[in-house]
Amino acid sequence: SDCFDLAALDAALAEAASSGLAPCTELEIVKSTKARIEEERSVIEELKAATAAHNKEELDRLVSAAAGFGGRYAEDLTAAKTVVEAMNHQSDALESLNAAVDAARSSRDTQALAASLEAAEAAKLPAKATAAAQALLEQLTAVQELMAAVNDKDFETAKKLLGKARALGVEESFLQQANVLLDRESLVEETKEKLAKAIEASNLATLNEALETCIQLGLEGANIEEARAKRDELQVLDDAAESVTGAMKTLKVIAESPNGIQEGDVPGLETAIAEATAKGVPETWAGMPEAIALLARMKGMLEVQKDLEGADAQEDLSALKRILARAEELDVAHLNKVASLKKKIRALEDAAPAVEPEEDEEVDVEEAEAEAKRKHETAKNPRYQFKNYGRLRTPDDFAKGVLINKTRAKEGMLKFQSGVLCRSLIEFDRENNKHALHIHRCLLGYMGDKQMSFPATLAQDILQKGLDSPPLRDEIYLQVMKQLSKNPNSTSVAKGWQLLCMCVGTFPPSSKFELYLLNFILDRMETKLAAVRQYATFALRTLDGMLVAGPSGFVPAVEEIQAYKERPPILATIELVDGTKLTEDLPVTPDLSVEKVLDICLHFLDITEDRAISLGLFVVDLGESDDSDHDKSDEAGDQVNPHHAGLARTPRAMRKEDYMGDVHVQKARQRRDFKFVLKQKFFLDDLKGPSEDEIYTKLIFMQAEGVYLTDEDFRIEDEATVVEMVGISAAVALGDDFPETAEGLAGSIMDFVPPSWAGGRSQAEWGAAVFDKCGEMMDLDIYGLQTRFNDIAMEHERWGTHFFHVRLLPSENEELAALPEEVLFAFSARGFHIIDVESKEDLLAFGYADVYTWGGSSQSFSMTIYDSDKDDTFECSGYTPQAADLNTIILDYINFIMLHMPEEA
């Protein structure tokens with residue numbers, strides 16, 4: 001398109017200048033042509049740039065300028081015009097699309113909008129330019145689908161489409177009609193459901209509400225007519241019941257009078273109930289149950305009032321108490337006559353001589369437990385809340401003499417207070433009132449609410465006064481109960497419960513107060529606080545015993561009271577080896593050591609054998625607790641040590657100096673279940689041999705049987721011995737029911753065969769072998785069989801061995817280094833052994849004289865052992881969760897051996 005050679009023109013002009021060519025027309029033409037060509041080329045370059053940039057404004061200007069170039073640059077000009085034409089088309093399409101969007105917003109015409117979008121796509125408008133129109137089309141389409149679903153009454157689909165439309169950002173004004181229709185439909189469904197439920201439940205109020213909504217919605221139909229008929233029917237019943245309610249309210253007001261009711265006050269309610277019943281009002285109709293109960297109570301009240309009238313001339317204390325109990329049962333304590341009756345009963349009780357229980361009176365345990373349960377059920381009645389106790393002062397009387405905050409003093413009469421009482425809680429004479437105030441001062445000092453010296457002595461003073469002065473006992477209990485009510489200090493609460501536990505173990509409440517005390521304790525046993533539940537449970541068990549046995553006759557020593565600071569009192573259940581419960585919920589005070597508890601157990605068993613000193617209490621670990629009753633503070637208990645993973649815990653032998661309450665605290669923190677078991681702890685040669693004490697013999701038999709016939713710790717290798725022991729075990733267990741044939745015995749014999757021997761014979765072979773062996777022992781009674789079993793057991797080298805699972809730490813000692821990682825540390829009268837867990841074989845053995853030192857931590861246990869071969873010592877250490885238990889058994893065994901060494905030794 002460019003037919004000019006600018007380089008040639010420049011060369012010609014340079015040659016003319018160099019040759020001195022004079023100016024002439026031809027020269028000027030050449031110069032003019034060159035300038036014009038350069039200008040055209042500049043315009044064309046700008047045109048190309050504007051074409052590439054789609055700059056419409058520049059293109060319009062440059063295309064117009066290039067149009068006069070006479071066909072030169074035709075290709076560039078055509079390309080520019082094509083771009084201009086396309087841009088004009090897009091502009092028209094965009095304008096048309098914007099107009100369609102504006103129109104669609106008002107007309108909601110999706111067809112026109114869709115056509116404009118198609119045109120825009122054909123014009124190749126960018127997505128950004130069509131995004132708003134596309135979004136509007138989706139919104140309008142969603143609205144159309146929504147309205148179609150509404151018109152088709154497809155409300156489930158409509159609800160989903162409504163959510164979709166909102167998610168697309170549809171304006172609420174577009175959705176208003178659908179919202180109204182859907183809301184109405186939902187309301188219609190709810191109203192129909194409400195009608196059905198109201199008819200079924202005969203609920204007049206709900207039925208009226210539903211029918212009112214039906215009117216607003218313009219609903220009609222058979223179900224609406226049914227509802228109206230039901231409403232009319234219920235209205236008749238409600239009107240009849242309303243008259244009952246009115247009569248009931250009137251009678252209630254009269255009954256609250258201190259003078260009570262008259263014969264003529266009751267018929268009004270009775271007539272109203274009868275008329276309502278005649279009209280078909282059921283007894284379950286609203287208000288009717290209460291009215292019927294009130295009528296019965298009012299009739300009973302009339303009877304009680306007659307009895308109260310006659311009480312003035314009555315001197316029989318038991319009869320007067322029955323009248324008072326009936327009055328309290330009917331909740332008519334507000335009557336003037338009831339207050340007079342209480343004063344009369346109190347005067348008669350004070351005048352009556354105290355009845356001392358017979359010292360040698362036999363107590364039937366089962367009967368006592370049944371009586372305790374009956375009292376518990378009775379005491380749960382709310383009328384036995386201690387605020388209802390008849391001997392309490394009135395709030396006005398209690399607050400006499402209080403000049404400031406008298407109302408607060410009245411309201412707080414039976415709630416915790418940090419200051420000393422102004423008056424006793426019970427109506428007392430001046431002397432006992434003085435004692436009551438002293439008791440409260442001591443109580444504040446012991447509980448820590450008032451700073452005082454020697455708190456244990458203060459508690460002892462309270463207990464001594466309760467033991468020596470029966471009239472003060474109820475006052476003491478009431479003061480403790482008061483201080484435990486609404487007490488914000490957990491330490492003070494713990495101290496208060498400790499004192500209550502001591503009180504119920506020292507002196508009983510009066511017979512007229514015991515149900516109120518039981519009510520308080522039983523109520524606190526339902527609290528969420530585990531510590532309070534434990535104290536309350538202990539107090540209940542101790543109180544039950546005290547109510548049967550009477551005062552203990554002694555006051556705890558200061559040291560015994562101080563023990564409550566160290567550990568809580570507990571109720572201990574102690575089992576024998578076979579699971580039989582020796583004691584259940586035995587009250588164990590904090591000062592009661594294992595040695596004392598053992599004495600109690602031996603007394604229960606009536607054991608006379610001197611060798612019973614070898615018995616001990618064991619703590620058997622039962623695994624992690626899934627109980628949620630622990631205090632939240634306990635949840636930070638011992639964390640599982642990875643070094644202890646997989647190591648079983650064996651029973652822990654308790655020392656005589658230990659305390660069972662400490663075990664409870666420790667296990668609660670560790671969140672582990674456990675139980676206490678009584679069994680033999682020490683096994684020396686001079687403790688072997690038969691015993692004349694059958695109970696002792698049975699205890700040893702149960703322990704031996706449990707060990708030998710379960711392969712728990714070691715195995716019996718001699719088959720003849722196994723057969724004999726299986727036979728003895730079966731004969732003792734079956735007794736008179738022992739089968740008469742080998743075939744009969746075979747049916748149950750496998751229950752007595754050790755697991756390691758079970759596969760050695762068939763069931764029939766075991767039955768035959770054991771039956772033949774039992775024939776040789778027919779002349780032995782149960783005691784003789786148990787003695788024989790014990791003799792066999794005691795001959796085993798492992799008899800009486802205590803085992804502990806240990807994971808050995810690396811050692812420089814060659815013998816230790818060669819051992820398996822997990823072993824058993826075993827301790828017996830023979831000394832210390834390391835045993836293989838699987839084979840139960842001895843790996844190493846040492847006498848106690850070779851164990852120089854020992855000790856442990858919460859993670860591991862270590863011993864310094866003398867090696868006689870090398871005349872040197874080495875360390876034997878391992879991980880174990882029972883380091884303290886190992887330490888205990890070593891020390892106890894050494895002490896026990898030393899105690900039983902012959903004097904000449």
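This is a predicted model: local features need pLDDT of at least 70, side-chain atom pairs count only at pLDDT 80 or more; totals for chains, interfaces and linings use all residues.

The closest cysteine sulfur to that of Cys-503 belongs to Cys-501 and sits 9.3 Å off, so a bond is ruled out by distance. Is Cys-503 buried or exposed? I get a relative accessible area of 0% for Cys-503, so buried.

Next, Cys-422. Its sulfur has the one in Cys-442 as its closest cysteine partner, but at 17 Å that is too far for a bond. Cys-422 comes out at 53% relative accessibility and therefore counts as exposed. I then searched the whole structure for disulfides and got 0; the cut-off for a pair of sulfur atoms is 2.5 Å.

Then I checked helix H14, residues 336-351. With 16 residues at 1.5 Å each, H14 should span 22 Å, and I find its end C-alpha atoms 23 Å apart, which agrees. Which residues of H14 are buried? My list is Val-338, Leu-341, Lys-342, Lys-344, Ile-345, Arg-346 and Glu-349. What do they pack against? The buried residues of H14 go up against helix H12 (288-311) and helix H13 (317-329).

Last entry: Arg-473, which lies in helix H20 (residues 473-483). Arg-473 is buried, yet I found no salt bridge for it. Asp-468 is the nearest side chain of opposite charge, 7.3 Å away, and a salt bridge needs 4 Å or less. What the Arg-473 side chain does reach is the backbone oxygen of Gly-466, at 2.7 Å. Leaving aside neighbours within four places in sequence, I noted contacts of Arg-473 with Gly-466, Leu-467, Phe-507, Pro-508 and Pro-551.

Technical notes: Residues are numbered from 1 along each chain as its sequence is written. Side-chain values use heavy atoms; hydrogens and water are left out. Buried means under 20% relative accessible area, exposed over 50%, partly exposed in between (1.4 Å probe, protein chains only). Helices (H or I, at least four residues) and strands (E, at least two) are DSSP runs, numbered from the N terminus. The expected span of a helix is 1.5 Å times one less than its number of residues. Contact means heavy atoms within 4.5 Å. Lys and Arg count as positive and Asp and Glu as negative; His and the chain ends are not counted. A polar contact is a pair of N or O atoms within 3.5 Å; within protein, one must be able to donate a hydrogen and the other to accept it, and residues adjacent in sequence count only if both atoms are side-chain atoms.
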